[in-house]
Amino acid sequence: TDGTYWFDPNPDQRTAAIPSGKIDILSTCTHELGHAIAFSGAMDASTGNLPGYSFLYDKHATRMGSYYYFAGAEAEAAYGSKVPLNTQILDHLGNVSPAPGSDLDLDLMHGTPTRYQTRYYPTKVDAGILADLGLPVVGTPAADVVCKASKAQLKASGSAKLGPTPRLLE
């Protein structure tokens, strides 16, 4: 990392000043987890072609003019319109001006250059995309289904019980 990344001494608080010339590692790791969880597609940004397979994320990518956008009811409600995807890598949001989405440069899943001394956080747009992809984000239909199913399962089983303690933990 060449000393570029900074490890917050109190990551649960995230209040310490990030030193000059450093990138917050927690923001970077959270961004990468976003790709692992849902912000992952296979569509080629320059051609729109798929390599013979696709991800659910790709099914929400729609081309309008020269740009791609994420189309989904929850994401659009959070952003106010279809969400601009990065022109180079569609798994990221927004672009450097004058391309659409320059207002997404502080979004956790941003596609603009990472800023030094900046913390990135998930936004309502990120939550909307997760919900549109079917993840149970609080306050969305998917979460309601999961919560109702969990309550019904718990009621049917009587009460939650832990299994036996494993003999060996690896």
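In this predicted model, the largest nonpolar core comprises 20 residues, among which Phe39, Tyr57, Phe70, Val83, Leu85, Leu93 and Ile129 touch the most other members. At least two residues of this core are supplied by E4, and at least two by helix H4, which spans 124-132. When residues up to four places away in sequence are left out of the count, Ile129 touches Phe39, Tyr57, Phe70, Ala75 and Leu93. Of these contacts of Ile129, Phe39, Tyr57, Phe70 and Leu93 are also listed with Ile129 among the core residues that touch the most other members. In soluble globular proteins, nonpolar side chains tend to be buried together.

Two of these core residues, Phe70 and Val83, also stand opposite each other in the strand pairing, with Val83 placed in E5. The sheet to which this pair belongs is open and is formed by three strands in the order E3-E4-E5, with antiparallel pairing. Because E3 and E5 stand at the edges and each has a single partner strand, one side of each is left without a neighbour in the sheet.

The pairing of strand E3 (residues 61-64) with strand E4 (residues 67-70) is antiparallel and extends over four bridges. Within this pairing, Ala61 stands opposite Phe70 of E4, while Arg63 has Tyr68 as its bridge partner in E4. The hairpin of E3 and E4 has two residues between the strands, and in this hairpin Gly65 takes a positive phi near 65°. On pairing with strand E5 (residues 83-84), E4 again runs in the antiparallel sense, here over two bridges.

For the protein as a whole, the secondary structure comes to five helices and five strands, which follow one another along the sequence in the pattern β-β-α-α-β-β-α-β-α-α. Of the 170 residues in the protein, 35% are buried. The accessible surface comes to about 10600 Å², and carbon and sulfur atoms account for 57% of this surface. Among the contacts in the protein with a separation of 6 or more, 39% are made by residues 24 or more positions apart.

Technical notes: Residues are numbered from 1 along each chain as its sequence is written. This is a predicted model: local features need pLDDT of at least 70, side-chain atom pairs count only at pLDDT 80 or more; totals for chains, interfaces and linings use all residues. Side-chain values use heavy atoms; hydrogens and water are left out. Buried means under 20% relative accessible area, exposed over 50%, partly exposed in between (1.4 Å probe, protein chains only). Contact means heavy atoms within 4.5 Å. Accessible areas come from the Shrake-Rupley method with a 1.4 Å probe; for residues, only the protein chains shown count as cover. Two strands pair if DSSP finds at least two bridges between them. A nonpolar core is a set of buried Ala, Val, Leu, Ile, Met, Phe, Trp, Tyr and Cys residues joined through side-chain atoms within 4.5 Å.
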